[in-house]
Amino acid sequence: MERVCVVGSGTWGIALARLMALQGHEVEVWSENEKKSVQLDRERSLPQLSGVRIPESVRFTDDLERACKEATVIVCATASQFVRGIAKTIARVADPTQIIVCATKGIEADTLFSMTAVIEDELTKAGSPCNALVAFSGPTHAEEVARDMPSAIVAASAHRAAALRVQKAFSNEVFRVYTGSDVKGVELCGALKNVVALASGMAAGLGYGDNSRAALIARGIAEMTRLGVAAGCVAETFSGLAGVGDLVVTASSVHSRNYRAGFLIAGGMSVEQAVAEVGMVVEGLNALPAAVQLSARYGVDMPIVDAVQAVVSGCARPQNVVGALMTRKLTCEAYGRKQRTVMTYGTFDLLHYGHINLLRRARALGDRLIVAISTDEFNWNEKKKRCYFSYEQRRTMVEAVGYVDEVVPESSWDQKRRDMHAYDVDVFAMGDDWAGRFDFLKEEGVDVVYLPRTPEISTTQIKTDMSKGSEK
């Protein structure tokens, strides 16, 4: 049995206190003032958790220092802006045998510290031993946990023994705890998903449906993962309970304060009015400035975060940022990775399997293949050759090849330098009969690749053979 001090008497704190008490642990809940502690002790209920009875065994106090000193497990379940102040108190009485579980989600605005980092910072300043810190996060709405609806969560810690101890203490037939070691990743998930949930609520407030919400969730997790990986986190964390799991529930549930706040803002309320209407802390608004700063620090593109910031700061209306998001430069779906564009040039007269092989190998060098086809005028005036098919006919044939994404005209020898920039080209590919001729394009930051030609066939050979056949 553990002696548990739950710091915070909001819905999440009460839900966890109830859970632990029903597990047979000795539980005491700290509230910020004596009046609230007395009321909770007397009424055994919380207005926001209608119909949920707090077990008689749960005790209440406003003496944080004493409660923390006597506990074997301290659970921080308060709003993120209060964590540092609470950590100062914990640091004064910290015992090296205690486990500190941080069930608060957020990023400190000034330091960009995660919540466990804030606690660790205060422990270090006080000269206290660095207790085993555990980040506790996942898709766990307090309203459902308090009503014994099956839920799952992650306990992440650099101390495996601490994570296992928390797993054992909290798990039962309706609450399943998984362990992990990516503390920073779990905490980034917990903070950033609230920002994406604001965006999802705004989309709903504008009258958009399931398609919009699903797109926001999918691209939101892409942004979160990009930032996490850049910050040294494990990518898989963002596809787990703390990432995808928590984002789905926060970005689509009526229980989500962030979703509701976004909905109200899109409906015309000011940020202050929306927060007042929600009646509880909206953590996404607290995490937003830090998310913007982290995006800049790591050089990570986070358009959804930027859009929410534009709306919250009053720089843009929700309707306007939607259009801006939808009309950004097109890219591929690899967590926002820039498409690798390949470009090749040629006449492509009498299209044959040698051409197809070249196009196939060129397309394999990237995500997108642009083919520049010589115009009729360029062929005659500069290349001094006449084509069997016109430019438009050759263009139609090449466009029909599945490996080709776009066809453009080639009208001069010197356009290649310009094309590399105009089409944002990453790879210039040509047959190896041109080997070395286009190395100058490397100066434009482009990879130059010469591909082996199919030896047994060429357009010239076809024309020669056809000409010989017509003479017989």
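How far apart are the closest N and O atoms in the salt bridge that Arg-42 forms with Glu-43? They are 3.6 Å apart, where a salt bridge is a side-chain nitrogen of Lys or Arg within 4 Å of a carboxyl oxygen of Asp or Glu. Please keep in mind that this is a predicted model, in which local features need pLDDT of at least 70 and side-chain atom pairs count only at pLDDT 80 or more, while totals for chains, interfaces and linings use all residues. Residues are numbered from 1 along each chain as its sequence is written, and side-chain values use heavy atoms, with hydrogens and water left out.

**Salt bridges**

- Side chains of opposite charge can pair when their charged atoms come close.
- The count of salt bridges comes to 31.
- Glu-2 pairs with Arg-165, and their closest N and O atoms are 2.9 Å apart.
- Because Glu-2 sits in the segment before strand E1 (3–7) and Arg-165 in helix H7 (residues 160–170), this pair ties together parts that are 163 residues apart in sequence; helices (H or I, at least four residues) and strands (E, at least two) are DSSP runs, numbered from the N terminus.
- Glu-2 is buried at 11% relative accessibility, whereas Arg-165 is partly exposed at 29%.
- Lys-193 forms a salt bridge with Asp-246, with 3.7 Å between the closest N and O atoms.
- Lys-193 belongs to helix H8 and Asp-246 to helix H10 (residues 241–250), so their pairing links parts that are 53 residues apart in sequence.
- Both Lys-193 and Asp-246 are buried.
- Shared partners join the salt bridges of Glu-26, Glu-28, Arg-59, Asp-63, Arg-66 and Glu-70 into one network.

**Helix H8**

- Helix H8 covers residues 183–205, which makes 23 residues.
- Of the 23 residues in H8, 21 are buried, leaving the helix mostly covered.
- Gly-207 follows H8 and has a positive phi, near 90 degrees.

**Cysteines**

- The model has zero disulfides, a disulfide being a pair of cysteine sulfur atoms within 2.5 Å.
- Cys-315 is exposed, with a relative accessible area of 67%.
- Cys-387 is buried, at 18% relative accessibility.

Notes: Buried < 20%, exposed > 50% of the residue type's maximum accessible area, 1.4 Å probe, protein only. Expected span 1.5 Å × (residues − 1).
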